[in-house]
Amino acid sequence: RRKAERGVLDFLDLLVKARDALRDRPAVREHFHRRFRHVIIDEFQDTDRLQVEIARLLAGDRPGALVVVGDAKQSIYRFRRAEVRLFRELARERAEKGAVLHLKQNFRSRPAILRFVNRVFGQLIEASDEADQPAYEPIDPPPGLSDEPSVVALRFPAPTAAGGDDLLHAEAGALAAFLAQAARGAHTVRDPGTGADRPSRAGDVLVLTRRLTKVRFLEEAFEAAGLRFTVEGGKSFFDRQEVHETLAVLRAVDD
């Protein structure tokens with residue numbers, strides 16, 4: 001009543017009114033059937049009953065008009081009324097008509113990593129109707145990749161029982177030396193554009209840090225090794241020399 005008095009709608013109201021308009025007014029359905037030949041929905045495991053009803057009304061009974069993509073194992077929005085059971089029911093319904101494709105091709109990881117993932121999660125993830133948990137489906141590696149080990153251990157000398165800043169300095173220096181070799185082509189990588197093998201270069205490397213508050217150790221080591229780099233989201237952004245100079249110029253302009 002208060003929302004009606006103020007003339008406002010919340011997100012759920014918008015869904016209800018959209019559903020009502022499509023359900024109760026044939027002219028509205030026909031308009032959108034002409035406008036949209038196909039309805040394609042990603043992350044379908046996160047839909048609720050109203051959203052599924054709207055999708056069905058938009059698509060109508062036209063064969064192939066509704067295409068959904070989803071993974072029941074990734075359903076995390078129950079607090080937003082999402083029901084993974086809806087996705088699984090639709091998948092079973094479409095499977096009876098031969099209209100379900102299982103997308104098992106991985107484009108990100110090497111075979112050795114995927115073997116580990118399949119072995120571990122094949123045991124951990126068990127199908128359960130009570131918990132709306134689907135069975136685990138093994139992931140296939142990208143074609144044409146070598147089957148060599150996918151993890152390299154970074155070994156470096158460090159002071160005995162080193163801790164704190166000393167260890168961070170040693171680790172950063174060792175990583176900078178490793179990346180300097182990679183920048184000079186010491187490793188073979190698969191070019192993301194051509195798919196062909198080629199010598200590594202600096203632009204192939206991404207470094208993930210445990211915490212951004214300690215990123216200055218890496219910055220100092222990379223600068224000392226002559227490596228060009230950029231920091232995304234670093235806490236030391238305002239400590240950089242170029243930022244100090246830019247701020248000085250802006251203050252002069254503002255004065």
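Mentor: Helices α3 and α4 lie roughly perpendicular to each other, because angles of 65 to 115 degrees are given that name, while those under 35 count as roughly parallel, those over 145 as roughly antiparallel and the rest as oblique. In this predicted model, local features need pLDDT of at least 70 and side-chain atom pairs count only at pLDDT 80 or more, whereas totals for chains, interfaces and linings use all residues. Residues are numbered from 1 along each chain as its sequence is written, and side-chain values use heavy atoms, with hydrogens and water left out.

The angle between α3 (residues 26-35) and α4 (residues 49-59) is about 75°, and their axes are 8 Å apart; the axes are lines fitted to C-alpha atoms over the stretch in contact, and angles run from 0 to 180 degrees between N-to-C directions. Helices are DSSP runs of H or I with at least four residues, and strands are runs of E with at least two, both numbered from the N terminus. On the α3 side the contact (heavy atoms within 4.5 Å) is made by Arg29, Phe32 and His33, and on the α4 side by Leu57, Leu58 and Ala59. By class, this contact has 4 nonpolar, 1 polar and 1 charged residues.

Turning to the charged side chains, the count comes to 17 salt bridges, each being a side-chain nitrogen of Lys or Arg within 4 Å of a carboxyl oxygen of Asp or Glu. One of them joins Asp147 to Arg115, with the closest N and O atoms 2.8 Å apart. This pair links distant parts of the chain, since Asp147 sits in the loop between α6 (111-124) and α7 (164-183) and Arg115 in helix α6, 32 residues apart. Arg115 counts as partly exposed at 43% relative accessibility, because that class lies between buried (under 20% relative accessible area) and exposed (over 50%), found with a 1.4 Å probe and protein chains only.

Glu171 and Arg210 form another salt bridge, their closest N and O atoms being 3.4 Å apart. Here Glu171 belongs to helix α7 and Arg210 to the loop between β4 (197-199) and α8 (215-224), 39 residues apart. Glu171 is partly exposed at 29%, whereas Arg210 is exposed, with 61%.

In the salt bridge of Asp204 with Arg198 the N to O distance is 2.8 Å; Asp204 is partly exposed at 33%, while Arg198 is buried at 14%. Finally, salt bridges with shared partners join Arg19, Asp20, Arg23, Asp24 and Glu53 into one network.

Terms used. Ala, Val, Leu, Ile, Met, Phe, Trp, Tyr, Cys and Pro count as nonpolar, Asp, Glu, Lys and Arg as charged, and the others, Gly among them, as polar.
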